Amino acid sequence: MGDQLETLRDDVLEAVEGAADLRTLDEVRVQALGKKGRLTEVMRTLGSMPPEERRGFGQRANVVKEALETALAERRQTLEAADLERRLVAEGIDVTLPPRPQPLGRLHPVTQVTEEIIAIFADMGFAVAEGPDIDDDFHNFTALNFPPEHPAREMHDTFFVEGQPELVLRTHTSTVQIRTMMAGPPPHRIIAPGRTYRCDSDATHSPMFHQVEGLLIDQHTHMGHLKGCLEDFCAAFFERDSVPLRFRPSFFPFTEPSAEVDIGCRRTKRELVIGEGSDWLEILGCGMVHPAVLENVGLDPAVWQGFAFGMGIDRVAMLKYGIPDLRTFFEADLRWLRHYGFVPLDLPTTYAGLAR
Amino acid sequence: MKVTLPWLREHLETNADAETIGWTLTAIGFELEGIEPRGADLDGFSVGHVTGVRQHPNADRLSLCTVDTKDGTFEVICGAPNVRLGMKGIFAPEGSVIPSTGTPLKRSTIRGVESQGMLCSARELGIGEDHDGIIDVGDEPGVGTPAAEALSLEGPVFDVAVTPNRGDGFGVHGLARELAAAGLGTLKEPDARPVEAAFATSRGVDLRFPHEARDACPLFILRELRDVQNGPSPAWLQERLKAVGLRPITALVDITNWSTLDMCRPLHVFDADKVRGDLYLRFAKAGETFRGLDDKTYVLDAGMAVICDDTGIVSLAGIMGGASTGCDEATTNVLLEMALFDPVRTARTGRRLGIESDARQRFERGVDPGFVLPAADYATRMIQTLCGGEAGSIVVAGCVPDNRRTIAFDRRELTRLTGLVLDDAEVERILGDLGFGTASEGEGRFVVSTPTWRHDCTRAADLVEELARIRGFDAIPATPVRRERAVGRPILDSSQLRRLRLRRALAARGLEETVTFSFIGEAEAAAFGGAQVRVANPISADLVAMRPSLLPSLAAAVGRNQARALDDAALFEVAAIFTAAEAGGQTWAAAAVRAGSATPRSWGEPDRPADALDAKGDALAALEATGVNLASLRLETSAPAHFHPGRSGVFKIGREVVATFGELHPGLAKLFDWKGRVVGFELFLDWLPQPKPAKIRARPPLSASAYQPVDRDFAFLVDATAPAGDLLAAVGKASDLIRDVTLFDDYAGKGVPEGKRSLAVAVRMQALDRTLGDADIEDVARRVTEAARQACGAELRQ
């Protein structure tokens, strides 16, 4: 009987070794260990053996079974590895192929920069107010202390609405100052971004452009706060520790005192660096809200006070992102949009940064 | 406003250099736009005396000159035709930098002869255009006199921006006063001592304005001068005027220009011998004509103020004199006019006639009524100095209006509005230097009286500005703006939030955001419903209509991009569209278009043109981004006329159309120059229901079944025109066990009867409490089939 077991073991081990593929190996396994397999058959004879033989034989038969199972498993692993290897070789693709496109659009710089501005002023407690593009003479001029036929009106190159001499395309977002102050009681703390219009078109002017107005009215805000607010804004917007600003006295009918603000910069032939250097570049107009304007909206200028400013959104977008020509903003040239646009997932925040 | 340093120094005793003056002007509100050196860069150039002229041995047109200079005698080659023995010119030594080129002069050899310097032309020195000959400085200047001095050059020239509220800044004297107040020196008062009258002026003046319009000309002063000798002005005046951009004409005319700039006091000189009778002023009648000094004829409107003699209009008040009575070289008798004209009328007349004159510029901003009468003597003295003659008496019509105001001022107002603190003495010093009168009432209070030239100062805030700008805005302490709470709060309203999310959602779908003009052409607007609002004064015909839709702008952008071979355009815009000619007659809209391929051409995807359903997808994505409940949308197939009638639809909420989508009407392709088909959508944000403020952020609990789902596919045969949407909706509602319904095939053709289509639907069913058995599945299948049949007569495909 001992020989029988050894012969069986040797036969099966040889067959395992000789199995060239998984199917053959499985046949070998069935022939040896299956229900009618040779070892199974041998084990089945155990029952009819005398007890003194059964014990020794049974132990040996189990040893053989384990040896066969181990051999089968090892062989299976080897064959599976070889199989996988073959499949991998056959499955090769050209990874230099470009991936399938997943188009991602871009946001216009005006949108991104507007949201940057909102993020910064929101941090200073400003809300966002809006007003209509078409507004009346009262909101655009009269309430803002532009006397009729004053040369300052002429400077605005106003578009008028056909058949409605009282209506204009707003020449500035300052209209929203009036709307805000007339809509509810102070204090007011708003910025108002939006489209503005002037009938002027040349290399540096577009008949439509974007401004953001700022207005802060309470009982203690003075021009020093205006300086502080704009200095903080410019440092945050241009992403520098501080940015040199120069406040120059100027004139706007709706502020007194009035100032234009220049930002320190360095101009080279190839680039413009904001925040350093000895050149100055005008970026906005501002001032303390004129007492006549406060009176026009029913506020007592002896009690209420505050500042207002107006800044060109396109202009600061051009400065920050090095966009050379204002007119190209509105041409919807795909090459321009893709080049200067912003990825939609880059939401500007003051905690994560305004831009990459 | 241009002003030269020497001119400024006639009004300001100062040691300040040009740079300091320029910087200070900006710091006090007169922005320096530039400094032109005009002779300030001529150090090293000096007068040379030509003591010998010989023919160049090797060149016919060149002369070999011997020039005596302060540094010795040099041999200089000169090509100028006007060079002659004994003349004095401007000598540039070797190494000097020529202003016109900015390069140093090198020793050179011309046709074998060495030149040891250069005799300069006006253009080479950057002081004129003359290049035909070298400068001839006359006999007077000695050899070695610095060029700038020999040429009486008026440099440097400041170019100053004057704000519209500061008429007084349009005079050299006014700027000098500002600089003096800013601490740069002492103001010199003009010499306006009376010039004694030698005879009685022979002409009268009459102001014939209606009483209620007498402010058209409150004051008109006339003075006759006899036996003057007109002719070219002296060199210094010519140079002074040239330096600030004016063309010298004759002494009399030059004096009027000089006065306009010097004291911001426009004058006019009539040739007395050409004026018939007395002068009178009145309003023009509509259609009257006037021939100006510029030799142009103007047709006047009623209400324009004019000056007349017996023959008719001889001058347009405050704007321009007339051709018929102008002075020329032969003029010997003069009527000198000094007047005040109403700023508003002057501005209106000038604007109406398109005349920009230095006089108009000053009158419309308001001149100093206190310097009309003194100017009669100030100007007369200058005329007599330059042209001789005798002065007549002063004839006055009207009277000097009293425009001085008193303002109660508390210097704490400065602190309240600017944060600056000045003491009483500083307040009085600054206001005093600017010409204000101050009377202290103690405790920081003053009664301030305004000077006659300051029309802009009417209230305390104006004085705050005066004090702050002269003290310097730099001194204002920058103070941070504090926020009420430590943590910021959301500040966007629902409309702003919707636009923010919408933009990012659409860009994430591969659409490029554009910003295009709010005005478009009439035809483009007409194609999209027609403009409700138009611009009365458009800059061009294609920017006249306030757009009734964003789609025409995007459609035009597609055409422009396709013209540059960018055929696959996917563009969107979020902006206002205009619905009525009234303030606020507009609504927020979002729109997108796609043209060309739906996805970029690639090896991995079949090339498919964008179609109406892509636009529908964009529309739904946009609606979803706004937070609208998509289940509340109702789709109808009645889209506006700018869409393809068979490939478009609208989404409604209640009765309101909130969005339109589809293929843009192919008939518009020609108007917008687009190739192929263009699809798009437009969403009207203001018609969407207001979002309900979320009280609870917590989501309902997730009910995910632990049991296996079952997927079954159904193929339905329906009429070709039956809406798939109805079928899907019906199937979805067929049983509570249905979790998901997906249309995975829409087929017509072989195997499907004519007039029918096959819609294949995958249904996933699942129960929360058990594994579905065969009976459940059979029941759902039966309900699905029945629902489909009822919804659109669908039959299960065998």
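## Ground rules

Two strands count as paired if DSSP finds at least two bridges between them; strands (E, at least two residues) and helices (H or I, at least four) are DSSP runs, numbered from the N terminus. This is a predicted model, where local features need pLDDT of at least 70 and side-chain atom pairs count only at pLDDT 80 or more, while totals for chains, interfaces and linings use all residues. Residues are numbered from 1 along each chain as its sequence is written, with chains lettered from A and ligands numbered from 1 in the order in which they are written.

Strand S31(B) is joined by 2 bridges to S32(B) (residues 545-546), and the two run antiparallel. Val533(B) has Met546(B) of S32(B) as its bridge partner.

Both strands belong to an open, antiparallel sheet of 3 strands, ordered S30-S32-S31 in chain B. S30 (519-520) and S31 (533-534) of chain B sit at the edges with a single partner strand each, so one side of each has no neighbour in the sheet.

## Helix H5(B)

H5(B) covers residues 235-243, with Glu239(B), Arg240(B), Leu241(B) and Ala243(B) buried (20 or more other C-beta atoms within 10 Å of a residue's own, C-beta atoms being placed from the backbone). These buried residues pack against S1 (2-4), H1 (5-9), S13 (157-161) and H6 (251-262) of chain B. Just after H5(B), Gly245(B) has a positive phi of about 95 degrees.

The contact (C-beta atoms, placed from the backbone, within 7 Å) takes 73 residues from chain A and 81 residues from chain B. On chain A's side, helix H9 (residues 223-237) gives the most, with 8 residues.

Technical notes: Contact = placed C-beta atoms within 7 Å. Buried ≥ 20, exposed ≤ 12 C-beta atoms within 10 Å, placed from the backbone.
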